[in-house]
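Welcome, and please open the structure in your viewer. We will go from one stop to the next, with something to select each time.

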Amino acid sequence: MLSCTGIHKQYGGFVAVDDISLSVEGGHILGIAGPNGAGKTTLFDVLSGFQKADAGRVELGGRDITSLPAHRRARLGLARTFQSPLVPTDLTVGETLDVARVAHSPKLDRDAIEKARALVHFDAADRQKAGPLDTLGRRKLLLTCLLMREPTVLLLDEPCSGLLQDEIDEMDGIIRKVTSETGMAVIVVEHRLELLFAVAETVLVMDAGKGIAVGPPTEVFEQPIVRAAYFEAPEAA
């Protein structure tokens with residue numbers, strides 16, 4: 001569903017992403033892990049079209065989308081969440097969902113809202129203001145807005161940030177359900193490794209912009225190069 005080859009992105013002399021290649025098929029979940037500053041979010045920015053790569057190629061469903069902006073990638077079926085779940089604070093839940101519904105071309109019917117709500121177990125009342133929702137509620141609202149458009153690829157940037165353990169368990173179930181019931185390809189950037197162990201068939205570990213390991217999570221996180229980059233604090237001078 002989604003692949004990239006040789007992605008390179010730098011800002012001045014700082015290399016944020018250095019020759020990253022990956023691919024994920026429909027119905028599968030790829031996890032991306034790494035310490036802060038590893039380049040994970042920058043890679044998402046390049047994949048979703050918010051940043052232009054300095055080198056490399058991005059394909060969606062076999063189509064070259066490297067030069068396409070974010071809104072055109074979205075129309076082709078690429079959906080993306082962000083680390084901070086920002087919602088329109090002055091709108092109700094129902095109004096927010098309706099805005100997302102009518103913004104789609106062609107306009108979606110209301111059944112699309114209920115179908116997406118069911119996928120993420122989002123049961124907040126339509127009349128409730130979106131702003132006061134807790135973190136999990138805001139994440140569910142945004143996921144509902146995305147899923148009613150039936151994307152083929154979903155990029156989740158730290159979906160468990162700010163969640164408690166029981167909420168992480170619920171997000172685990174949501175990601176599994178969305179993947180299995182829709183057949184979409186999912187890529188998850190996450191610091192909470194328990195989520196990646198639970199949902200990802202394959203994990204790519206990044207450090208300083210480079211991919212340092214890829215494979216099943218039970219194997220990848222035991223590799224010495226990964227433990228040194230991700231788990232072990234540097235020795236004091």
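**A tour of pockets, helices and rings**

The lining of the largest pocket is made up of 20 nonpolar, 8 polar and 4 charged residues. Here Ala, Val, Leu, Ile, Met, Phe, Trp, Tyr, Cys and Pro count as nonpolar, Asp, Glu, Lys and Arg as charged, and the others, Gly among them, as polar. Before you select anything, note that this is a predicted model, in which local features need pLDDT of at least 70, side-chain atom pairs count only at pLDDT 80 or more, and totals for chains, interfaces and linings use all residues. Residues are numbered from 1 along each chain as its sequence is written, and side-chain values use heavy atoms, with hydrogens and water left out.

**Stop one: the largest pocket**

Select Ala74, Ala79, Arg80, Leu146 and Arg149, which lie nearest the centre of this pocket among its 32 lining residues. The space inside is about 900 Å³. On a 1 Å grid over the protein atoms alone, a pocket is an open set of points with protein on both sides within 12 Å along at least five of seven lines, a cavity is a set where a 1.4 Å probe fits but cannot get out, and lining residues have an atom within 4 Å of a point. Grid points are joined across faces, edges and corners, and a volume is the space filled by probe spheres set on the points.

Now colour helix H2 (70-75), strand S6 (78-80), helix H3 (93-103) and H5, each of which supplies at least two lining residues. Which element gives the most to this lining? That is H5, with 5 residues. Helices (H or I, at least four residues) and strands (E, at least two) are DSSP runs, numbered from the N terminus.

**Stop two: H5 beside H6**

Show Leu136, Arg139, Lys140, Leu143 and Leu147 of H5 with Glu167, Glu170, Met171, Ile174 and Val178 of H6, which make the contact (heavy atoms within 4.5 Å). By class, these are 6 nonpolar, no polar and 4 charged residues.

**Stop three: the largest cavity**

Next, select Leu143, Leu147, Leu154, Leu156, Ile174, Ile175, Val178, Thr179 and Val186, the lining of the largest cavity. It holds about 50 Å³ of space. H6 provides the largest share of the lining, 4 residues. The lining has 8 nonpolar residues, 1 polar and no charged ones.

**Stop four: a pair of rings**

Finally, select Phe50 and Phe82, an edge-to-face aromatic pair with 5.4 Å centre to centre and 85° between the planes. Rings of Phe, Tyr and Trp (its six-membered ring) pair if their centres lie within 6.5 Å, and planes over 60 degrees apart count as edge-to-face. Phe50 is in the loop between helix H1 (40-48) and strand S4 (55-60) and Phe82 in the loop between S6 and H3, so the pair ties together parts 32 residues apart in sequence.

Terms used
Phe/Tyr/Trp six-rings, centres within 6.5 Å; stacked < 30°, edge-to-face > 60°.
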